[in-house]
Amino acid sequence: MPTHYARYEIENGYIHNWIVAGPHATPVLDLENYQGADYKLQIARHYYDKNSGVTQTPVETEALQIGDAKLDWNYFRCDDDHFVDCTAFYHTCHYLRSWAYTRVVTPAAQDVTCVLTTNGPADVWINGAHAHRQEHFHHQIPHSVSFQTKLIEGHNEILVRFEEVAARECPYAMALQIKDLPRDAFVFIPTVHEGVARRQVIERAIEVAYLDRDVFVWDDEITVHWSPDLVTSAELTARLQKPPAWVYAEAQLTASAGHDAPLSAPYTLPEGQFHVFLIPTLREYYEGNLRLERKIALTSLKNKYAQSPYGTFDERRGEALLDAAQREQNVFSEIAKMALGYWNDLKLDVIMQTIDGINARKDCSDFFLVGLLGMMIRYGGDVSFPESLKQPLEECVLNFKYWMDEPGEDAMCYWSENHQILFHACEILAGQLYPDRTFTNVGKTGRWHREKGERMALSWLHKRGAGGFREWDSNCYFEEDLLALSHLADLAESQPVYDLATVVMDKMFFTMAVNSYKGTFGSTHGRTYTQHIKSARGESTAGVSRLMWGMSAFNDKILATVSLACMQNYGFPLIIGDIAADLPDEMWNRERHAGKLEAWCDRETGEWQVNKVTYKTPDYMLCSAQDYRPGEPGYQQHVWQATFSPDAVVFVTHPPCLSEEGSHRPGCWHGNVVLPRVAQWKDVLIAIHKLPEDDWLGFTHAFFPVWAFDEYVLSDSRRMSADAKGHKWAFARKGDGYIALTAARDLEFITRGDNAYRELRSYGTRNAWLCHLGRAALDGDFRAFQDKMLALDITFGDLSARCTTLRGETLEFGWEGALTRNGATEPITGFKHYDNLYCVADLPSSEMEIRYGENAMRLKFGVNGVNE
């Protein structure tokens, strides 16, 4: 077939239009042969091929043959971050290669400087000749390397092959910038589709489509919108698909300026992850090979969200188990069926697949092994328990690797806080189950493993009791902590382990209750992911909150929910549920969590601490981590958030990319490339961001989902002197709660892309954000709140802010120095462990007394921790 060429412009030297093949993933089955900190480099060198592997000129939709594998050349258009992004999670180790091809057309031959940015090794071929190789591994933030090359007049074929070694999360991206190109240089993409003019019309129509939200619930119409800026209409196909490609709705439509295309409603769909799949007409896509496409991710939910308590624990327990059983999500759905007595509905293949994954020592095997062990102890003696499972389960337990000091190389994560207690719980329960059997990996008995697991679990529990959690208030990893603790607090035969697991679990529930608002665990988080913070409906702790105190919603995060619902020997303290539902006029909570890092289980040594605050009223909650490691590289820390409802949440981050794939850590919304310096005094928060001068994106941004609020307004400041620079404000109202948000370097409201009408960007490497919350009870109606905010005296300096507040106070804060309130220093560090209406406890803590009304309870974290 003849080859045609689609023309695209070059974006500030960055190539944004490619055809991409891959990733090609090669399993690394002999991981034990690659030892040391540079094991990834050893693997890459072992598999390296100096030849590109491309033997024919690439053309869109045609195939690249790599060994026995056929990889299609698919069109890829980069986002504003310039990346070809192949990031994904791999539970076992793989060597990855991907190929990206384009043509740069220049009017004359010239020498150029290229900048290639990758996470891992990469090669570049220009016009068939090898031009560059870079060999590095930068796990989270890609690294840029410059090289010189020559371009000829006319077409220049550019082929980039970029590599990675995946073991668990695998950030895997590539960007290419060619500096000093003339303005009339451009890109050609080779394609078999001859209608290149038609292609541009369709691609533009696909590009400007958007959803106005990430989560759709019950009768929310899942609707695709088109920008009013679309000039030329185009016929398209819109599908609502559940990955990988199950089609639940399809529409043939004409996309035009301001057009809306409703597809379906969640109550007609299964719960879970979906995407809107936009392509040309079916004839053009399948017969004409016009393979333009775009996927816009969304979540469809049926379960209603409870913002006030309902039902009894026993009622919610039955609801939780039934919900999990019907989801058929993973092996915990099968465990829920056993708990309900639904033996005839078991899917044995799901349990066997789980066993196979554990036998392969996939990462997160500990999550599922603890569930299988609980299943065996609770239900293994039931006459209905499938006989065919008993031998595979026994072999799985006896052959597992229970800690990092045992023989064998694998991709399992042992070092993080949640994985530690999960491995210890697995070892304890396995030892209890088979005390006299020999475990094959180390040749020791179950009794030996149990003693080791108990010793390590008690050490972990004492640290959490005395100092709290390094992964503080994690609305994803608290699920895993509770998964482990719920098994120990129900099934551990050791009284000290049983007692201490119980009190630490109670401490976690209390922490969640204090830092939740109407069921939303909207706290600052030591670790989180985008899906857990864009809406509380996606939190891994949502089901836990609904089960324990009747608020929030059940969702597909069922590991801890099912495990808690299966417990028979634990009584939830009702006082904690009362605190979770409490909405006083003002609740000011200050906490400090701290501890020591140990070389045997942590990636670094020394001490860690976080000072955090929560301000809660009947209308909102504002939380932050105060002065937390400003200027240091971030990971998955969620430093601050304002919460008004499950969906009406606001926060600011410094992103490395625009991908929301969870293996980016930090990513588009979770975490920060560089941690800010934050201080909060009750309903006012100041966040100072000091980015590198060569920061990749050059902006910080706020998640500001206008659809979730009752009203929103973008307004310029009206109080400024003749020579002052104004700043734009973003205001929003939810019920009787208000937010005002601004930044020193102005705001741009984003109305395009995957976060259209949910994102505010502020460009600049030295910036300050100011957030002020308000209430109708104090500040009048929404218009009055805006007028009062615009009348305040607010001054931004270089990395500093000074503001008067609606409460008549003056706050000053910057990159250095103290937070001052009315000229006096207001402490932002050095807090007690807990200091709030319900509990005051020192750090380190040997016990905590919790009070609400006339009720009280005491948690003791001594050798034999017990509740009173």
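Strands here are DSSP runs of E, at least two residues in length, numbered from the N terminus. The model is predicted. With that in hand, start near the beginning of the chain.

N17 sits in strand β2, which covers residues 17–27. Its relative accessible area is 4%, under the 20% cut-off, so N17 is buried. Setting aside residues up to four places away in sequence, N17 touches Y8, E9, Y75, F76, R77, T102, V187, I189 and E203. Take F76 from that list. F76 is 59 residues from N17 along the chain, yet their C-alpha atoms are separated by 6.0 Å.

Strand β2 also holds P23. The peptide bond between G22 and P23 is cis, with omega at about 5 degrees. Most peptide bonds are trans. A cis bond also joins L843 to P844, where omega is near -5 degrees. P844 belongs to the loop between β45 (840–841) and β46 (847–852).

Next, consider G128. This glycine lies in the loop between β9 (122–126) and β10 (129–134). G128 has a relative accessible area of 67%, which means that it is exposed.

Backbone angles come next. Most residues other than glycine have a negative phi. W218 is not a glycine, but its phi is positive, about 55 degrees. W218 is in the loop between β16 (215–217) and β17 (222–226). Its relative accessibility is 36%, so W218 counts as partly exposed. N822 is not a glycine either, and has a positive phi of about 55 degrees. The loop that holds N822 runs between β42 (819–821) and β43 (824–826). N822 is partly exposed because its relative accessibility is 48%.

Now turn to the helices. Helix α10 spans residues 446–467, and helix α12 spans residues 495–514. Their axes come within 10 Å and cross at roughly 30 degrees. The cut-off for roughly parallel is under 35 degrees, so α10 is roughly parallel to α12. The crossing is left-handed. On the α10 side, the contact is made by E454, L458, W460, L461, H462, R464, G465, A466 and G467. On the α12 side, P496, V497, L500, A501, V504 and K507 take part. By class, this contact has nine nonpolar, three polar and three charged residues.

The model has 48 aromatic pairs. One of them joins W403 and Y414, with 5.9 Å centre to centre and 85 degrees between the planes, an edge-to-face arrangement. Both residues lie in the loop between α8 (387–399) and α9 (417–433), eleven residues apart. W403 and Y414 are both buried. W460 counts as buried because its relative accessibility is 2%. F469, at 4% relative accessibility, therefore counts as buried. Further along, ring pairs link W588, Y615, Y620, F644, W681, F704 and F709 into a cluster.

Terms used
Residues are numbered from 1 along each chain as its sequence is written. This is a predicted model: local features need pLDDT of at least 70, side-chain atom pairs count only at pLDDT 80 or more; totals for chains, interfaces and linings use all residues. Side-chain values use heavy atoms; hydrogens and water are left out. Axes are lines fitted to C-alpha atoms, for helices over the stretch in contact, and angles run from 0 to 180 degrees between N-to-C directions. Helices (H or I, at least four residues) and strands (E, at least two) are DSSP runs, numbered from the N terminus. Angles under 35 degrees count as roughly parallel, over 145 as roughly antiparallel, 65 to 115 as roughly perpendicular and the rest as oblique. A crossing is left-handed if the near helix is turned anticlockwise from the far one by less than a right angle, and right-handed if clockwise. Contact means heavy atoms within 4.5 Å. Ala, Val, Leu, Ile, Met, Phe, Trp, Tyr, Cys and Pro count as nonpolar, Asp, Glu, Lys and Arg as charged, and the others, Gly among them, as polar. Rings of Phe, Tyr and Trp (its six-membered ring) pair if their centres lie within 6.5 Å; planes under 30 degrees apart count as stacked, over 60 as edge-to-face and the rest as tilted. Buried means under 20% relative accessible area, exposed over 50%, partly exposed in between (1.4 Å probe, protein chains only).
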